[in-house]
Amino acid sequence: MTQLHFTISSEDIRSLINESVDNKIARSILTKVFNQLMEKERDEYLENEAYQRDPNRKTYRNGYYDRAYTTKIGSITLRVPRLEMEIFLLNFLKDIKEKNLIKM
């Protein structure tokens with residue numbers, strides 16, 4: 001699978017939401033970007049990638065739960081990562097909520 005790496009700012013996300021011509025495409029892009037950002041944040045928190053073995057591991061991945069969020073371009077459903085035996089609050093979701101990009 002081809003992988004792309006890019007940098008996107010909150011202003012770019014806001015522009016995508018506010019000026020989107022095709023909401024379906026914009027929702028799809030936002031969903032993919034937000035899901036990847038949350039996955040990366042979980043990896044950084046754990047200091048391990050998926051399936052990486054480490055005896056000093058803090059906790060383990062425990063799947064995902066789906067959560068619907070409302071944006072100006074419509075509702076998007078994100079796969080929010082979970083951890084086993086530990087509360088994990090995503091700074092990413094807090095940031096985009098504070099910037100009024102989504103409603104919970």
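Predicted model: local features only at pLDDT ≥ 70, side-chain atom pairs only at ≥ 80, totals over all residues.
How many residues lie between β1 and β2 in their hairpin?

## The hairpin

There are two residues between β1 and β2, and the two strands form a hairpin. Nine bridges hold the pairing on record here, with β1 and β2 running antiparallel; strands count as paired if DSSP finds at least two bridges between them. Strands are DSSP runs of E with at least two residues, helices are runs of H or I with at least four, and both are numbered from the N terminus.

Numbering runs from 1 along each chain as its sequence is written, and side-chain values use heavy atoms, leaving out hydrogens and water.

## Around Ala 68

Ala 68 belongs to strand β1, residues 61-71. Leaving aside residues up to four places away in sequence, Ala 68 touches Ser 75, Ile 76 and Thr 77, a contact being heavy atoms within 4.5 Å. Its C-alpha atom is 9.0 Å from that of Arg 79, eleven residues along the chain.

Ala 68 is partly exposed because its relative accessible area is 47%, between the cut-offs for buried (under 20%) and exposed (over 50%), with a 1.4 Å probe and protein chains only.

## The nonpolar core

The largest nonpolar core has 13 residues, and Phe 34, Tyr 69, Leu 78 and Leu 93 touch the most other members. At least two residues each come from α2 (23-46), β2 (74-83) and α3 (91-98), and α2 gives the most, with five. Such a core is a set of buried Ala, Val, Leu, Ile, Met, Phe, Trp, Tyr and Cys residues joined through side-chain atoms within 4.5 Å.
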